[in-house]
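Visitor: I'd like to look at one protein with you. Can we start with how its strands pair up?

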Amino acid sequence: RAHRRPREEPAEERAFLHGQVKQHNVCSLLGESDVGLLLETVEFFSFTAGQTLLRQGDVCQYFFVVHSGFLEVVVEGRGVVHTMHRGDTFGGSALLFDAPQPVSVIAKEDSGVWGLDGNTFRQVLKADAQMHLAENCKLLDSIRLLDVLSQQQKARISEVALFSEVHEVGSHVIAEGEEVTAIRVVKSGKMGVIVNGSKVNQLQAGDSFGKSAALHKRVWSKVTITAETHCELVCVGIAPLRAVLGPGHGAAMSRALVLRCLEREPRFARLPAACRRRLAEGAELADYAPGERIHDSAAGGGGLLLVFAGTVDGVGAGAADSGVADAMGAREVEALPSLQRPGQLHESCSDVADAGKAPVLRAATGGAHVATLEPKQLAKVLHGAAAAPAEGTVEEEAVEEEAVACIKAALFAGRVPAFQHLARDQVDGLVQALRPARLAKADLLFENGEAAAECWVVEQGELEETAGGKQARTINKNGNVGIDALLLHGPRRTTVRVLSDEALLWRVDGKVFDQLVTGSARQELIERFELRDTDVALSDLRHVRVIGTGGFGSVRLVEHKQVPLQYALKRVRKQHGHAMRMVARECALLAELDHPFILLLVKTFEKAASTYILTELVTGGELLSALDHIARPLTRSEAQFYTGAVLLVLEFLHDRSIVFRDLKPENVLLDAWGYVKLIDFGTAKKLDRNEGRTFTRIGSYHFMAPEVVRGRGYGSAVDLWSLGVMLFEFVCGYLPFGHDIIDPTGVEICRAVQLQNLAFPPRYLDRPGKYLLRGLLSKEPETRLGAGAEGTRSIRDHEYFAVDSGVNLFEAILRRQLPPPYVSSGGDYPANNTQSALSDASEFE
């Protein structure tokens with residue numbers, strides 16, 4: 001601050017600063033108001049030759065722009081690595097990473113620099129990212145074609161695929177014959193749609209066009225669209241959109257188009273929504289080459305044909321042309337007089353068909369992408385609607401069918417922990433026994449003390465479980481309640497109500513439960529519930545030994561004085577009498593998580609000086625220690641075991657919108673049988689379901705995904721990156737990026753993660769393993785394996801996880817049917833930690 005100098009900021013210098021700020025890579029997308037806010041904080045600093053502006057390791061408080069002079073950038077041990085002159089910038093990376101300065105900057109001659117306040121710099125970038133995320137997600141919601149996407153996918157699209165266009169009066173937005181490279185939404189202004197030189201329609205705010213291009217490799221416009229006023233458009237780039245969605249996205253989006261078209265056709269709009277949904281799901285999607293005959297089942301009488309792209313010609317059927325409609329925007333197609341309405345359902349000519357002369361439909365020049373529905377299927381659905389005894393019955397039945405499919409898929413995938421041990425035939429039996437129940441907010445499932453006759457699995461919504469009038473936990477999708485009383489054949493110990501506005505639940509009869517949950521699986525569940533349900537106080541525990549220490553406090557092995565149970569007790573010291581926010585978040589998350597591969601939270605105790613977290617005791621040591629004991633790269637089967645088990649946990653967390661954010665071998669313990677337990681949820685976070693993103697730079701540098709340090713938000717795909725880093729370490733024996741860098745600040749490691757290419761050691765020859773690792777370690781999350789439309793199924797189905805015996809690897813892991821690569825001979829605890837004199841002994845009284 002001794003170098004600060006008062007200095008006037010003339011208009012030309014402000015324009016210079018504005019330009020340099022906008023040129024910086026993290027500021028290029030900032031709006032004028034944000035740049036103006038940054039410039040309001042500018043100060044001038046003056047240095048003479050030889051003086052140090054920034055010292056390596058110091059905390060940077062400004063984003064600097066060189067005004068004059070000559071500066072050298074020096075790295076300890078390497079000397080001068082760069083020089084700077086007027087217009088160069090520095091300090092931004094350290095501010096962005098929230099890390100110490102990685103270099104020193106020294107004036108080689110008298111020099112002046114402008115400094116912009118660092119706190120404002122960070123706040124503006126974060127606010128800009130959050131503002132655009134909310135605005136862009138809202139915009140994407142208006143494009144019905146994208147209804148099939150999750151909010152996390154929309155959030156990622158808004159980050160990587162959106163851009164803006166401005167068109168003045170008379171300019172062409174797109175010309176006839178031009179390739180369609182984006183979906184465009186009119187934000188403001190009016191545009192004319194021109195066909196053969198004549199205006200056939202007008203587009204205005206809220207209208208969109210170009211959607212059919214998302215379904216095909218290449219699409220060329222058949223119209224010209226011209227700005228009639230000053231127009232602002234927001235555009236979704238087709239190429240990055242496809243990258244985010246991954247392979248197979250076209251079919252789901254096409255069916256969304258079919259459904260939208262059915263909703264707008266008067267003949268079908270009167271049908272129950274469930275019928276329209278069945279029609280859309282039953283449609284056959286196909287691409288036809290120029291001149292190729294459309295399938296006879298579509299051309300025959302009573303069938304339906306929907307043209308998404310290209311043109312279809314037919315004898316007795318007229319022509320159907322996609323035009324600019326994309327089957328989605330009514331305003332775009334109403335004024336196309338010479339064509340059967342683009343994107344409209346084409347109903348084949350029944351009287352011609354009845355005469356034995358079914359129309360012949362062929363794809364015209366350029367080919368066509370169409371959806372067809374056979375007459376028999378159409379008749380079946382329509383007959384079902386007509387035969388429905390009461391309004392809404394068909395729709396409710398279809399919703400139930402859809403929910404049955406969801407719960408069956410969840411059971412097969414092992415995402416309902418209480419039933420993960422079931423074989424496929426048992427799952428089928430369970431699904432047949434399930435009974436649905438729709439409940440509203442505050443509805444009661446059961447009360448403390450009631451006799452137990454059933455348990456419940458959550459399909460949609462959220463439940464609240466209370467004990468003694470206090471909230472014990474919340475239960476979300478695929479969670480279960482009421483199982484403890486069935487296992488122990490006792491009364492209810494808690495009260496459960498609906499917490500969300502509504503909930504869809506599955507009821508499992510107690511007798512069916514007893515038939516399906518038997519043997520070791522039942523015993524394991526009983527042990528977990530006994531641990532959780534034991535009414536234990538801190539004074540009931542006896543210290544045995546310390547089993548772990550760290551900056552946060554300590555972890556000790558304790559035992560119950562009256563009951564033969566052992567636990568792990570983690571002590572975290574409070575700061576100024578208050579528990580750390582990270583600790584409170586960890587306890588809240590663990591309280592709602594019930595999975596055999598996640599550390600089980602028993603209870604928390606708040607004392608004056610410390611927070612105590614009581615959990616199950618896990619005795620197999622860290623996964624990192626197991627890797628050290630194995631002392632070589634893992635074989636494929638060994639890596640499959642650990643990677644597959646951790647993937648199962650990530651699926652469970654991501655289903656609940658929880659991103660872990662610090663996945664690494666040190667945060668995975670092994671139980672007494674060698675199976676994994678994920679621990680340390682202090683950095684985990686539950687994402688907003690609407691935005692699906694967070695912005696905090698957190699995690700361990702070598703395992704941190706590239707998007708975490710970019711400052712524009714990230715989602716659950718960061719955990720998949722970390723899983724890829726772990727797998728690489730398993731099979732190659734070292735970390736994939738920056739393994740030889742020792743850098744406590746993390747800046748150089750983060751730079752290596754961003755810039756280094758993935759390379760394999762010569763000895764690693766597993767081709768499927770390389771393909772899997774390249775997919776998981778894609779530096780752009782939109783192309784990362786498991787982050788696309790198929791989710792983690794694309795990882796499960798990968799060739800790498802194929803097992804020669806034909807068994808499903810993931811089912812075998814869930815059912816504990818595989819021998820672990822390493823089983824500890826006993827508790828791997830620090831030596832000489834059996835102290836009896838405890839500094840916190842008074843808190844146990």
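Guide: Strand β5 (residues 71–75) runs antiparallel to strand β6 (residues 79–84), and five bridges join them. This is a predicted model: local features need pLDDT of at least 70, side-chain atom pairs count only at pLDDT 80 or more, and totals for chains, interfaces and linings use all residues. Residues are numbered from 1 along each chain as its sequence is written, and side-chain values use heavy atoms, with hydrogens and water left out.

Visitor: What counts as a strand, and as a pair?

Guide: Strands are DSSP runs of E, at least two residues; helices are runs of H or I, at least four; both are numbered from the N terminus. Two strands pair if DSSP finds at least two bridges between them.

Visitor: Which residue in β6 is the bridge partner of Val75?

Guide: Gly79.

Visitor: And what sits between the strands of that hairpin?

Guide: Three residues. Gly77 takes a positive phi near 90° in this hairpin.

Visitor: How many bridges link β5 and β8?

Guide: Four, with strand β8 (residues 104–107) antiparallel to β5. Val73 faces Val105 of β8 as its opposite residue.

Visitor: Is β5 largely enclosed or open?

Guide: β5 is largely enclosed by the rest of the structure, because four of its five residues are buried. Buried means under 20% relative accessible area, exposed over 50%, partly exposed in between (1.4 Å probe, protein chains only).

Visitor: How many helices and strands?

Guide: The protein has 26 helices and 39 strands.
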